[in-house]
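Morning, everyone, and thanks for coming. I have one structure to walk you through today, so please have a look at the screen.

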Amino acid sequence: MTTVFWPFRSPSPVSAAHSSPPPPPPHRKKLLLLHSALSATVSFTLLLSAPSLATTAVESPSPLSPPSSRTCSEEDSLSQLEFAKAAPELVTNEGIVEEAWEIVNGSFFESADRSRWSPEIWMQKKEDIVSTSVRTRSKAHKMIQKMLSSLGDPYTRFLSPSEFSKMARYDMTGIGINIREVTDDDGRVRLKVLGLILDGPAHAAGVRQGDEILSVNGVDIRGKSAFEVSSLLQGPNETFVTIEVQHGNCGPVQSVEVQRQLVARTPVFYRLEHIENEAAVVGYIRLKEFNALARKDLAIALKRLQDSGASYFILDLRDNLGGLVQAGVEVAKLFLREGETVIYTVGKDPNYQKNVVAESAPQFTAPLIVLVNGKTASASEIVATALHDNCRAVLVGERTFGKGLIQSVFELRDGSGVVVTVGKYVTPNHMDINGNGIEPDFRNLPAWNEVTQHLAQCLTSRNS
């Protein structure tokens, strides 16, 4: 076997995009994530929000409705300006505990196998918080830990400020914001700042929770998706991007220059292989995690391998415990035909009750072999099942871990955070993999003719 290795060098930046929800009180950050099985494994999307604010995957006690398309009055504009200038509120120990309680109350997803949760018991915990004096921040954090452990869910847990800060590598934009597509009453879709990292690049430049993104580097972003805009925002570390925002629903329009601060490192390693006794040239790609650079760097690697003569690809997801859910979804879409299902999701938040599909033709059509093992989990399982169930790939190796629950990570007002299970997903073939995993098609690497035969049979069976 002859192998050609390339160190990964990302070319000039791809543009980025962002969107956000209704303009609520600025504060809590939230990261939407699909968590894999082990404590160090994650799959999610970065979000941040105010104490009583609902973001994409999670929400406060009652979900916030999208901003209406009403006409802004002078009084509205003044109130928006006053809101922007408001001094930050004092963060009390009791307030931190109550904030964590509110998040769980509004977003926790009850699965059939979780018997320790009940609304009545959870409401009693709220009364206990109100009647308790919490003298130190350390005690507040311990109370949150105990409160979350009572749910009986191994994935819902507390994050210390230092643990939460490590989530920055999942920032999809590089400027510390998360954006969401919000539909007005008149049907118009706006891209709003769903969350932002406090004291992060965008926040320091003047971007606030609930701001609407109007343009990126002079490019009107109307009609673009949140992922497209996140891509427009991306670029080399310490370079600048100019974004135009409208503060709140009716506030002033402002153009701000933000310096990018990238924390994520490329998770992609790739090489070209010439396999003995076979005429085909193979492109091998190892994907270590689904972080903010996964989709972009994988697409670059695939293109380079394809241009170098690769006739098919091996995508190695072994020991990939997960990462950003949205990154996993976008990776799968690189290979799927328009209209094909990536994943079905369900959760307490209506945003999670949907069928996620590919919106356009695939960028890469060459057949795939996906390598999996017992540590292939969460976002990796989303990609593996999406490609497998749509007859785009065969799975080779060992049964996967089996994590089909969705978590969101929220930042609390003191910089700590909570990870909360907010939903679950099933595969395009309607299989619930949680606790079950995915059985591969082959234990050992098959001959290429076996791969093509298997994929042909899959298509025949699906179309019959």
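The chain has 11 helices and 19 strands. Keep in mind that this is a predicted model. Of its 464 residues, 56% count as buried. The accessible surface comes to about 19400 Å², and carbon and sulfur atoms account for 50% of that. As for how the chain folds back on itself, take the contacts between residues at least 6 apart in sequence: 74% of them join residues at least 24 apart.

Now let me turn to the cysteines. How many disulfides does the structure hold? The count is one. The bond runs from Cys391 to Cys458, with an S to S distance of 2.0 Å. The two partners sit in distant parts of the chain, 67 residues apart. Cys391 lies in the loop between α10 (379-389) and β17 (393-397), while Cys458 belongs to helix α11, which covers residues 448-463.

Is this disulfide left-handed or right-handed? The torsion about the S-S bond of Cys391 and Cys458 is about -75°, so the disulfide is left-handed. The two ends also differ in cover. Cys391 has a relative accessible area of 4%, and because anything under 20% counts as buried, Cys391 is buried. Cys458, at 23%, is partly exposed.

Next, a pair of helices. Please find α2, residues 93-107, and α4, residues 137-149. Their axes come within 8 Å and cross at roughly 20°. Angles under 35 degrees count as roughly parallel, so α2 is roughly parallel to α4. The crossing of α2 past α4 is right-handed.

Which residues make this contact? From α2 we have Asn93, Ile96, Val97, Ala100, Trp101 and Val104. On the α4 side, the contact is made by Arg137, Ala140, Met143, Ile144, Met147 and Leu148.

My last stop is helix α7, residues 226-233. Is α7 largely enclosed or largely open? Seven of its eight residues are buried, so α7 is largely enclosed by the rest of the structure. If you want to pick them out on your own screen, the buried ones are Ala226, Phe227, Val229, Ser230, Ser231, Leu232 and Leu233.

That is my tour for today. I'm happy to go back to any of these spots if you'd like another look.

Definitions and conventions
Residues are numbered from 1 along each chain as its sequence is written. This is a predicted model: local features need pLDDT of at least 70, side-chain atom pairs count only at pLDDT 80 or more; totals for chains, interfaces and linings use all residues. Side-chain values use heavy atoms; hydrogens and water are left out. Helices (H or I, at least four residues) and strands (E, at least two) are DSSP runs, numbered from the N terminus. Buried means under 20% relative accessible area, exposed over 50%, partly exposed in between (1.4 Å probe, protein chains only). Contact means heavy atoms within 4.5 Å. Accessible areas come from the Shrake-Rupley method with a 1.4 Å probe; for residues, only the protein chains shown count as cover. A disulfide is a pair of cysteine sulfur atoms within 2.5 Å. Axes are lines fitted to C-alpha atoms, for helices over the stretch in contact, and angles run from 0 to 180 degrees between N-to-C directions. Angles under 35 degrees count as roughly parallel, over 145 as roughly antiparallel, 65 to 115 as roughly perpendicular and the rest as oblique. A crossing is left-handed if the near helix is turned anticlockwise from the far one by less than a right angle, and right-handed if clockwise.
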